[in-house]
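Please look over the sequence and the model below before reading on.

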Amino acid sequence: MLPREADLLQALALLCGASRMIAALLFRDPHLLRRAARSPYLFHPRAEMGLRRLVARAVARLDPDDAAGFHRLLRRLRAREVVRIALRDLRRARMNEVTAELSGLATACLDAAIRFHGRRLRARHGAPAGLEGREPGAGFCVLAMGKLGARELNFSSDIDLMYVYGTGGTTGAANGVTHFAHYAKLAELVTEAIAKPTDDGFVFRVDLNLRPDGRNGPIVNSIRAAELYYQSFGRSWERNALLKARPAVPDLEIGEELIKLLEPFVWRGSLDLEVLTEIQAMKARIDARAGAEGEADLKLGKGGIREIEFFVSALQLLHGGKQRELRERAVLPSLDRLLFAGVVQARDRDALADAYLFLRRAEHRVQMVDGRQTHTLPPPEERLSLARAMGLPSAERFDEVLGAHRERVAALFRDLLGTGSGEVKLDPELSLLADSQVHVARRAELALKRGLADPERAIAALEALGRRRTPFSRNGDPVAAVALLQEALAAPDPDQALGFLADFAAALQTPEPYFRLLFERHRVARLLLSLFGTSDFLSKRFLRHPELLDTLLRQDSVVLAKGKLTFRRELDERLADAAGRGQAGLTDDRLEAELGELRRYKDEEVLRIALHDIAGALPLARVAEQLSDLAEACIERGLDLAEAEARKKGRLPRERLCIVAMGKLGGRELGYHSDLDLVFLYRDAPAGESHGDHARLAQRLISFLQMPLREGLLYKIDTRLRPSGNQGALVTSASGFARYHGGGDSSGAPVRSQIWERQALLRARFVAGDEQLFEEIRQQVLIPAVWSRPTDPGALAAEIRRMRERIETELGKEATLGPNPKEGRGGLVDVEFAAQYLQLAHGHAHPSVRTTSTPIALARLREAGLLSEHRHRALARGYDFLRRLDLRLRIVHDYAIHHLPHGGAALAQLARRLAYCGEDPGARLTADYAKVTGEVRAAFEEVVR
């Protein structure tokens, strides 16, 4: 029912026309209208102390244990006071009176909560030691921060608080607790009393993130703990935050003692370059965020409230150490002091003060509408009511006045610190995403927009980065943070890249210099983020072994490719150093050190190769050749170590083992997770020498290569291509190898080896040990068994097609698991079998095609006229495409992946790892895969027939 009195009706119209929040409060309790409109404090402000006494009298009537009743009382008091203050504001009360009354309301409620819950805690555990005769809350102080500290609260402001207490000790009861536990519980109860939503709403939202160590720190700190934190870890943004710190309630002496102790931290007597750089970084972050938020945001947009606040606080930080008169919390009085100290000119002070008053009043009006913590203007078509509430005749006039204020503020902010002409322009959205002060929902929205699939994971990574001394911390360099974010987003898997970047920071004891280096050397940053976004297993290996960091950071000076001789020389140097570090008398320790060094060297080199591969600096052939030569060098040095051990034990055979590489290693086509296919041969032993000595040596070498140490294993070894496979002996004598494969027969006809074994022998290549023995076996066994006699092409083709069909069915499994680039239709096996068929069919008459390498074989078969141009093109292109695809599948994890992802994000990430970009890269990869494998299968069927 509408009131009849003119003053009440006018007040109702004014309040409900400006605020749905106030209308809701009046609907809930109509008596609030009369109390506000006829309050003795309608035309002048209510003093904070008077409000405190009012609350104290009301609390005294409550049961001391009625926490719910106390919460209800505070919320109803808040509703009554907000309606009154809103009416005062709408009737053109001075801005500083309105903000001071809202701040006084918050302080009075905090004081009441501390006293109410302090009494309850004392009844339970006794008073803190030495404070028995003082009132509840003694020894404890709430430092008001931010707008509350400056007495500049809005209608919907959070209140920024820091809880501190005096000294350690124990409360006086028999079941007493430490002072820390007592005050921590008090802080929790006070926070709940103010911020917990109930049926009556809340009093104020509470933000405790400005306390020492932010959300990771304890809810309450002793004076000494807070002092030590700021002395040891305090950063420029925390100095900026402490400018507004004000002891609020109840024990002001505690707060004042801490403020006094922190003076040297906040107010520097002299200014160094690092502090100036940090202030400039804070300015750059504000500037970038302003560009992202746009003109609709009164606080964060260009020329908004945040820029005015920072303009004032930056000059205070720069000059307040020597000029004590500049130490003021509120913005407008600070501007006056800066003017009279000669730091700002009168016209600049007037422009900023006028703009601040206009923007803050507009902010009040906007927040008053729904009681939400917003700084966003309504759409242009809805601004008329806002304009009228501001005393302006039209929305157009409001926009005109607002624009003029903003333009002046933006110009002054731009020239602050003399950086206006040379500022770095940041990507505004990425600047917001990197800023921990931006609301989580907004950051999640931006994360999705910029291509991060899991916003929650991305924000967690950014938060972790922000907790270390990196560009993502609150005093970090926003330019560097945005640059790293851009590199992460350009990686094939941005979410993974960002996660590993956070792990990278966590793995470093002092991350700051490393991140500075990444910013200064963009190529290294790009390599690092590309690695993190491409390879899960290499990234984990990189982070698990900090010694690998230097490998990455040396990338600008590291050669793209190394040859076999370089690998051998570097390994010799490393092993010599490792042996020197080992304890001379302890053979096992020395051996373990040498094996560990072998693994570290291999890890570093695989990382180097992969980084250049990921960066697109190495062709496919050079990647495979280096991985193969590296493996060969490791086998050689592993054999040296095994022989040295056998020599010491008196079991070293007179003749060396001959180690033959088969499969991918034999063809120098090794991938990132390829097993090493090895065959062990030895020269026929003279009388009295045991086969067992060679077998033990081979077993020991395999153990050295596969043994899991702290650094992992070197390689997995596969010996199934030896004569008789798993049923045969691990090591084979030269005569036994000849008998098995038929070498040495006068006719040259194979005796036992089957077609698949002859295919395997095509790739046989010496890698370590007795090279002369291998040359003898090549002449006496391999050439006769594989090349000396023409093979019936029809029978050969039929057998190879039969094997190919079996592999496709039993191993390819494309019908159930999806495309298989190796064993599937048109996969790598098609290319290899086509080349091997032509080699076996024509190698006896064309020695040039006798090579262990598939791509070289294809080229030589074309040169010999045995492979047409278009078939060669299909097979060679297919080999290159499928091998690169296989490498990218294998580089992701520390295990082989045989099938393409079925679609979605995984397929898109694989496509980006292969340098597909633009819209729907996964679809284009799938289309290319279908085309290439179709052409390979067609060529295979034309060749093998």
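Does Leu452 count as buried or exposed? In this predicted model, Leu452 has a relative accessibility of 2%, and because buried means under 20% relative accessible area, Leu452 counts as buried.

**The surroundings of Leu452**

- Leu452 belongs to the loop that runs between helix H20 (440-449) and helix H21 (455-466), so a residue of a loop is here a buried one, at 2% relative accessibility.
- When residues up to four places away in sequence are not counted, Leu452 touches Leu433, Ala447, Ala458, Leu489, Pro494, Asp495 and Leu498.
- Asn240 stands 212 residues from Leu452 in sequence, and the two are 32 Å apart in space, C-alpha to C-alpha.

**The protein as a whole**

- The protein has 42 helices and 10 strands, and its radius of gyration is 39 Å, well over the 30 Å that the globule rule gives for 945 residues, so the protein is more spread out than a compact globule.
- Taken along the principal axes, the box that the C-alpha atoms fill is roughly 125 × 65 × 55 Å.
- Of the 945 residues in the protein, 57% are buried.

**Two pairs of packed helices**

Two packed helices are described by the angle between their axes and the distance between the axes.

- Helix H16 (residues 346-370) and helix H18 (residues 395-415) have axes that come within 9 Å and cross at roughly 130°, which makes H16 oblique to H18.
- The crossing in which H16 passes H18 is left-handed.
- On the H16 side, this contact is made by Asp348, Ala351, Leu352, Asp354, Ala355, Phe358, Leu359 and Ala362, while H18 contributes Phe398, Val401, Leu402, His405, Arg408, Val409 and Leu412.
- Sorted by class, the contact of H16 with H18 has 11 nonpolar residues, 1 polar residue and 3 charged residues.
- Helix H30 (residues 620-648) packs with helix H40 (residues 869-892) at an angle of about 55°, and their axes are 10 Å apart; H30 and H40 are therefore oblique to each other.
- H30 and H40 also have a left-handed crossing, and the residues that make the contact are Leu620, Val623 and Ala624 of H30 together with Tyr879, Asp880, Arg883, Arg884 and Leu887 of H40.
- In the contact of H30 with H40 there are 5 nonpolar and 3 charged residues, and no polar ones.

**Backbone details**

- The peptide bond that leads from Val249 to Pro250 is cis, with omega near -20°, and Pro250 is part of strand E5 (residues 246-250).
- Arg92, a residue other than glycine, has a positive phi, near 70°, and is placed in the loop between helix H5 (67-90) and helix H6 (95-125).
- With a relative accessibility of 45%, Arg92 counts as partly exposed.
- Arg668 is not a glycine either, and its phi is positive at about 55°; Arg668 is found in the loop between helix H31 (663-666) and strand E7 (676-682).
- The relative accessible area of Arg668 is 29%, and Arg668 is therefore partly exposed.

Technical notes. Residues are numbered from 1 along each chain as its sequence is written. This is a predicted model: local features need pLDDT of at least 70, side-chain atom pairs count only at pLDDT 80 or more; totals for chains, interfaces and linings use all residues. Side-chain values use heavy atoms; hydrogens and water are left out. Axes are lines fitted to C-alpha atoms, for helices over the stretch in contact, and angles run from 0 to 180 degrees between N-to-C directions. Helices (H or I, at least four residues) and strands (E, at least two) are DSSP runs, numbered from the N terminus. Angles under 35 degrees count as roughly parallel, over 145 as roughly antiparallel, 65 to 115 as roughly perpendicular and the rest as oblique. A crossing is left-handed if the near helix is turned anticlockwise from the far one by less than a right angle, and right-handed if clockwise. Contact means heavy atoms within 4.5 Å. Ala, Val, Leu, Ile, Met, Phe, Trp, Tyr, Cys and Pro count as nonpolar, Asp, Glu, Lys and Arg as charged, and the others, Gly among them, as polar. The radius of gyration is taken over C-alpha atoms; the globule rule is 2.2 Å times the number of residues to the power 0.38. Buried means under 20% relative accessible area, exposed over 50%, partly exposed in between (1.4 Å probe, protein chains only).
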